[in-house]
Amino acid sequence: NESEHKYVEQLTSVIEVFADRAVELDESRGFPFQNIKDLKACGYTTLTLPKQYGGLGKGLYEFLLCEEKIGQYCGPTALSIGWHNGTVLQLQDGRRGWSKEVLEETFVKIANGALINRAASEPITGSPTRGGRPTTTARKVGSTYIINGRKNYTSMAPMLDLFLVSAWIEERDELGWFLIEK
């Protein structure tokens, strides 16, 4: 629709410079720090954040339109920032079991510039999409958890402020996700 088209046009004016940077990033195997900073500056990191927290409140369709456009200029940037906005969108799914207070606090941090992604891939089990149980563990001590383990890959890690870390909860014999600040 016209609103989506207008937003993608505005985004394009910000990301056109990514194409020039993409060649250098490919050759140096660098991380798109400046591209992510540019996307933060224009408010793109709040694309899928609910409006009541200062976000744009866009859904999956708009998110995918924008990701496609960013990918035309710099694939690694689209992949990185896509994980952030996709995670923000997924956190809004009420079936995830997050308390309202933690979710609201997280959304306020994101509205103030925090970047988030899941940290799940491990040296031994690889990506959890293959069905492996994480070797990272969570052991409850009093009212908190002690997380012990190692993740070997998380998209956009150099710029993340918040990590959703997968860990096996020993006493419950199940997978859990833990919000950890950088």
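Which residues line the largest cavity? The list is Glu 4, Tyr 7, Val 8, Leu 47, Lys 58, Glu 62, Leu 65 and Cys 66. Before we walk through the rest, please keep in mind that this is a predicted model.

## The enclosed cavity

Two helices, α1 (2-15) and α4 (60-73), each give two or more residues to the lining of the largest cavity. Its volume comes to about 40 Å³, and the count of cavities of 30 Å³ or more is one.

What classes of residue make up the lining of the largest cavity? Five are nonpolar and three are charged, with no polar residues in the set.

## The largest pocket

Now to the open spaces. The largest pocket holds about 390 Å³ of space. Its lining is made by 16 residues, and those nearest the centre are Trp 98, Gly 176, Trp 177, Phe 178 and Leu 179. The elements giving two or more residues to this lining are β3 (144-148) and β5 (174-181).

Strand β5 makes the largest contribution, with seven residues in the lining of the largest pocket. Sorted by class, the lining of this pocket has 10 nonpolar residues, three polar ones and three charged ones.

## The second largest pocket

The second largest pocket has about 260 Å³ of space. Here 13 residues form the lining, and Trp 83, Arg 118, Ala 120, Ser 121 and Pro 128 are the ones that lie nearest the centre. Strand β1 (residues 116-119) supplies the largest share of this lining, three residues.

By class, the lining of the second largest pocket is made of six nonpolar residues, six polar residues and one charged residue.

Tyr 153 sits in the loop between β3 and β4 (162-169). Is Tyr 153 buried or exposed? Its relative accessible area is 52%, so Tyr 153 counts as exposed, given that the cut-off for exposed is over 50%.

## Two residues with positive phi

The loop between β3 and β4 also holds Met 156, a residue other than glycine whose phi is positive, near 70°. Met 156 is buried, because its relative accessibility is 2% and buried means under 20%.

Asp 173 is another case: its phi is positive, about 50°, although Asp 173 is not a glycine. This residue lies in the loop between β4 and β5. With a relative accessibility of 54%, Asp 173 counts as exposed.

## Salt bridges

How many salt bridges does the structure hold? There are six. One of them joins the side chains of Arg 21 and Asp 38, with 2.8 Å from N to O. This pair links distant parts of the chain, since Arg 21 belongs to helix α2 (residues 18-28) and Asp 38 to helix α3 (residues 33-41), 17 residues apart. Arg 21 is partly exposed at 25% relative accessibility, whereas Asp 38 is buried at 17%.

Another salt bridge is formed by the side chains of Glu 105 and Lys 109, at 3.2 Å from N to O. Both residues lie in helix α6 (residues 100-111), where four residues, or about one turn of the helix, separate Glu 105 from Lys 109. Glu 105 counts as partly exposed at 47% relative accessibility, and Lys 109 counts as partly exposed at 24%.

Through salt bridges that share partners, Glu 105, Lys 109 and Glu 181 are joined into one network.

Notes
Residues numbered from 1 in each chain as written. Predicted model: local features only at pLDDT ≥ 70, side-chain atom pairs only at ≥ 80, totals over all residues. Heavy atoms only, no water. 1 Å grid on protein atoms, 1.4 Å probe; cavity = no way out; pocket = protein on both sides within 12 Å on 5 of 7 lines; lining within 4 Å. Points joined across faces, edges and corners; volume = space filled by probe spheres on them. Nonpolar A, V, L, I, M, F, W, Y, C, P; charged D, E, K, R; others polar. Buried < 20%, exposed > 50% of the residue type's maximum accessible area, 1.4 Å probe, protein only. Salt bridge = Lys/Arg side-chain N within 4 Å of Asp/Glu carboxyl O.
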